Amino acid sequence: MKNNYLLPNYNKMPIEFVNGEDVYLYDTDGEKYLDFTSGIGVANLGYSQPDLVSALKNQAELLWHTPNLYQNSLQEKVAEKLIGNRDMLAFFCNSGTEANEAAIKLIRKHTGKNQIIAFEDSFHGRTFGSMSATGQSAIHDGFGSIVEGFVHVPFNDSQALKTAISEDTAAVFLELIQGEGGVIPADEAWLAEVVQLCHSHGLLLVVDEVQTGMGRTGNLYASDTYNIQPDIVTLAKGLGNGIPVGAMLAKSSLAASFGPGTHGSTFGGNRLALSAADKVVALIDTPELLGNVEELGKFSLNYLREGLKNCPNVVSIRGKGLMIGIELTEGIEPVLASLIAEKLLVLRAGQSVIRLLPPLVISKEDLKIGLEKIIDTLTKVREADEK
Ligand SMILES: Cc1ncc(COP(=O)(O)O)c(C=O)c1O
């Protein structure tokens with residue numbers, strides 16, 4: 001399969017999926033794959049979810065788009081659901097990187113300060129501001145000068161953070177579980193210090209929940225899982241279950257800095273996108289679904305730890321809810337190739353981490369099928385290494 005008309009910025013596998021049902025994807029030959037990726041944390045409710053399909057169909061027949069020159073009660077409705085009883089307000093956009101761009105602009109406008117402390121190995125997106133917030137030089141390389149003012153310090157390191165804070169620091173910008181960086185959860189004691197430092201230095205605490213949000217860790221937001229109240233939260237991925245939509249939630253006290261004309265987006269929060277988001281939030285934000293994610297997450301960690309306890313090539317198994325990383329010593333390529341051959345889709349993160357983001361609606365039976373495939377594959381790789 002060769003792409004003749006596409007720029008080569010993606011490393012695409014020679015598989016094309018043409019339909020999906022629940023947690024399974026089907027390729028052009030009708031081969032069935034179990035999906036432990038959710039399209040990189042997007043299809044949290046799986047594929048062809050009937051309520052989502054009909055919400056989108058109904059809206060498609062009514063009205064797709066009106067600009068943000070006019071009222072849009074769907075925006076109010078979705079914002080209310082996302083905010084719950086938090087003292088926050090919402091801005092809608094179309095992607096994770098845009099939600100983070102909005103956050104960066106709001107931070108600077110509100111504080112009048114330039115410096116934002118972000119973390120090594122973080123990932124916040126590909127546009128200039130979000131790319132500059134990203135703590136991976138490989139993402140910056142070749143693109144000239146990045147946006148000034150970002151300082152990157154090691155994640156989970158209090159001393160480094162304290163040392164980086166200056167008079168010009170406006171905010172601390174972080175993922176609670178670094179996703180692309182290798183499924184690295186924030187340490188709870190460290191996070192408590194981060195919150196304390198933000199409080200004592202008057203810094204905004206900004207949490208990028210583009211990957212951890214929308215039920216992934218067993219609560220609507222990972223900030224609930226960690227029991228913190230950020231000043232700004234950014235969302236995308238799972239918010240539309242595949243329809244492009246992002247959001248920034250910001251404390252009401254920041255609202256005056258985002259007055260008319262400060263920021264905007266042509267498509268942001270359009271009716272088609274928000275008809276999906278409205279249904280997504282209603283389906284995800286229920287005690288049943290979120291409780292199940294928490295339980296399935298614990299089950300998965302235990303199952304993998306037990307099944308892989310004799311695998312010296314496994315360094316650590318970690319995560320929260322259905323965001324799980326299996327770090328290997330080395331040799332991740334053959335493992336990923338075997339899993340594809342076994343018709344299981346997983347993701348890679350960092351250098352050598354297998355990242356699992358199964359749809360949140362997965363049954364325990366399907367989950368076990370996938371986990372067994374992973375245990376079998378890693379066991380076979382170990383046995384082959386021993387020969
Ligand atoms: C934590 C985080 N922030 C931001 C982004 C960028 O999102 P998008 O690709 O929708 O721009 C991603 C994408 O992987 C992400 O994982």
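Analyst: Two strands count as paired if DSSP finds at least two bridges between them, and strands (E, at least two residues) and helices (H or I, at least four) are DSSP runs numbered from the N terminus. What you have here is a predicted model, where local features need pLDDT of at least 70, side-chain atom pairs count only at pLDDT 80 or more, and totals for chains, interfaces and linings use all residues. Residues are numbered from 1 along each chain as its sequence is written, and side-chain values use heavy atoms, with hydrogens and water left out.

User: Which residues of β2 face Phe17 and Glu21?

Analyst: Phe17 has Asp27 as its bridge partner, while Glu21 stands opposite Tyr24. In total, four bridges link β1 to β2 (residues 24-27), and the two strands are antiparallel. They make a hairpin with two residues between the strands, and Asp22 in that turn has a positive phi of about 55°.

User: And how many bridges join β2 to β3?

Analyst: Three, again in the antiparallel sense, with β3 covering residues 32-35. Tyr24 turns up here too, this time with Leu34 of β3 as its bridge partner. This second hairpin has four residues between its strands, and Gly30 takes a positive phi near 80°.

User: Let's zoom out. How is the chain divided into domains?

Analyst: Domain bounds come from an automatic or database assignment. Domain 1 is 17-48 + 287-386, and domain 2 is 50-284. Taken over C-alpha atoms, their centres are 26 Å apart.

User: How much area do the two domains bury between them?

Analyst: The size of an interface is often given as the accessible area lost when the parts come together. Here that comes to about 2300 Å² (1.4 Å probe, summed over both parts), 60% of it on carbon and sulfur atoms. On the domain 1 side, Leu45, Lys320 and Met323 supply 31% of the area buried against domain 2, more than any other three residues. If you'd rather count contacts (heavy atoms within 4.5 Å), 29 residues of domain 1 touch 31 of domain 2.

User: How many salt bridges run between the domains?

Analyst: Side chains of opposite charge can pair when their charged atoms come close. The rule is a side-chain nitrogen of Lys or Arg within 4 Å of a carboxyl oxygen of Asp or Glu, and two such bridges run between the domains. Glu188 and Lys320 form a salt bridge at 3.7 Å, N to O. Looking at elements, α11 (287-307) is among those that each give at least two residues to the side of domain 1 touching domain 2; its share, four residues, is the largest.

User: And how many salt bridges are there by this rule?

Analyst: The count comes to eleven. Take Arg86 and Asp224, whose side chains meet at 2.9 Å, N to O. Arg86 lies in the loop between α3 (73-83) and β4 (88-93) and Asp224 in helix α9 (residues 222-225), so the pair ties together parts 138 residues apart in sequence.
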